[in-house]
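Here is a short report on one protein model.

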Amino acid sequence: MTWPTLPLPWPTTAQVRGPRRWWDGPLDVEGLAVGSVRAAVSAANTVAIARDCPWSGWVASGLVGASFGSIGRLRVDGSPVAEWAELSGFFAAADGWVRLHGNYPHHAEVLRRVLDANGRAGDQAGDRAGVAAAVRSRAALEVEAAVRAAGGIAGAVRSPDAWREHPHHAAAIAGTGLVTVGTPTGAVRPLEPSVSLPLSGIRVLDLTRVIAGPTAARFLGALGADVLRVDPPAMPELLGQHLDTGFAKRSTVLDFGSDDQLATARELAGSADIVLSSYRPGALKRFGLDRDSLLAGHPHLVVVELSAWGDTGPWATQRGFDSIVQAVTGIASRYAAADGTPGALPVQALDHATGYLMATSAMRLLSRRPQEGGASARLALARTADWLLQAPAVGGTVDADAFDGPDCPLWLEQADSSYGLLEGVRPPVFAGDVPLEYPTAPTRYGADVPEWWQRE
């Protein structure tokens, strides 16, 4: 069985067991998914060796498939959680298609305002009908530009060739790798031995939102890290996403516009080992929480930053989510129906895979800290999409029972929480015959104290 090796600065050696193909479709989504998890497990094994930790993991490929669709399998007291809002999805334009993202209320409000939805306040059916009518009367690129200029999220559906001809692709995507690693600071700091999990006692400040960054932080927490997520009070995370990605971490809220609360955030960052960030390039600079500021003041840190489009080029500061990147880069065109209606990947694979690659980068750089000091890495959803579009197609039989077969219950775990009984997919990793588990369920959103646990 052959799995692709992702082009990373580090070797990928962890063992993979399980089926090769289960989703079907024109792109090797399974290869991307398993390749990213395999890279992360290889990195965890490297940290374990560096810390004299008796832990060595391998990847269950079918469980990777289940975990990449984790939010669709999440149950709260037996009920599923909402994944998509009324104004999210594909809309036909006058000359093509546009994908809109309205899951967050402030983004949905931009769509209503810019596209003049004619529904009554709170009338979601009317909202969608009004938006659909407005989009049909305008060109796809016009809708994309107008919504983005107003602070909303939209992407015109392009072919892969059209995306490769776009100025941003040439400036920020072409010729770049999945991970860009910065120069080490030289401020070495040792890693203490661990007798349990690879990241026990390691502090991770999670300044990420949505799926990719929180997935990275969740995996680091499953490996033993003390993970603290910090969100702004004005833009709370969606409940479903908090419940899906909030395992193995704590959640707090800090207003960076407050001097006292910003000082707390900076203190947390300076006393962390790893800082994960997924805000748009430059957004945290004025708070002194960007990559350059953090490493200048705390050169022992490992800082991993994620953006949608990369941090150079004309779209560097544009907002974007997995679904929008799929639309713009040509993935939606590759998955189009016979009638031309654009489609999507079977899961939000760009988010999940890039999240595991963020975790990979964090652990690889951490393992080198005793020799090289702190360092940084940068990733982008659009670069992950570029790899997927260029990867060779994979044949073979589709295993429909890869993660929905009779063994599926063995891959689910239950946890009591303040939100009710949660049932979800466990991490796709085993150490020997022992499955990795999330140590804690999601806490009440934003309710945790903004401080670290005491190190053992």
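How many bridges join β9 to strand β10, and do they run parallel or antiparallel? Four bridges join the two, and β9 and β10 (residues 226–231) run parallel. Strands pair if DSSP finds at least two bridges between them. Helices (H or I, at least four residues) and strands (E, at least two) are DSSP runs, numbered from the N terminus.

The model is predicted: local features need pLDDT of at least 70, side-chain atom pairs count only at pLDDT 80 or more, and totals for chains, interfaces and linings use all residues. Residues are numbered from 1 along each chain as its sequence is written, and side-chain values use heavy atoms, without hydrogens and water.

**Strand β9**

Val204 stands opposite Val227 in β10. From β9 the chain passes through helix α9 (residues 212–222) to β10, a right-handed β-α-β crossover. Right-handed means that, with the strands pointing away from the viewer, the path from the first strand over the helix to the second runs clockwise. Strand β12 (residues 274–277) is also parallel to β9, joined by four bridges. There, Asp206 stands opposite Leu276.

Five of the five residues of β9 (residues 203–207) are buried, so the strand is largely enclosed by the rest of the structure. Buried means under 20% relative accessible area, exposed over 50%, partly exposed in between (1.4 Å probe, protein chains only). Arg203, Leu205 and Leu207 point one way; Val204 and Asp206 point the other way.

**Aromatic contacts**

The whole structure holds 10 aromatic pairs. Rings of Phe, Tyr and Trp (its six-membered ring) pair if their centres lie within 6.5 Å; planes under 30 degrees apart count as stacked, over 60 as edge-to-face, the rest as tilted. Phe219 and Tyr356 are edge-to-face, 5.2 Å centre to centre, with 65° between the planes. The pair links α9 to helix α15 (residues 349–372), across 137 residues. Phe219 is buried at 1% relative accessibility, and Tyr356 is buried at 2%. Ring pairs link both to Phe68 in a cluster.

Charges also sit over rings (NZ of Lys or CZ of Arg within 6 Å of the ring centre and within 35 degrees of the ring normal).

| Charged residue | Ring | Distance to ring centre |
|---|---|---|
| Arg17 | Trp58 | 3.8 Å |
| Arg444 | Tyr419 | 4.0 Å |
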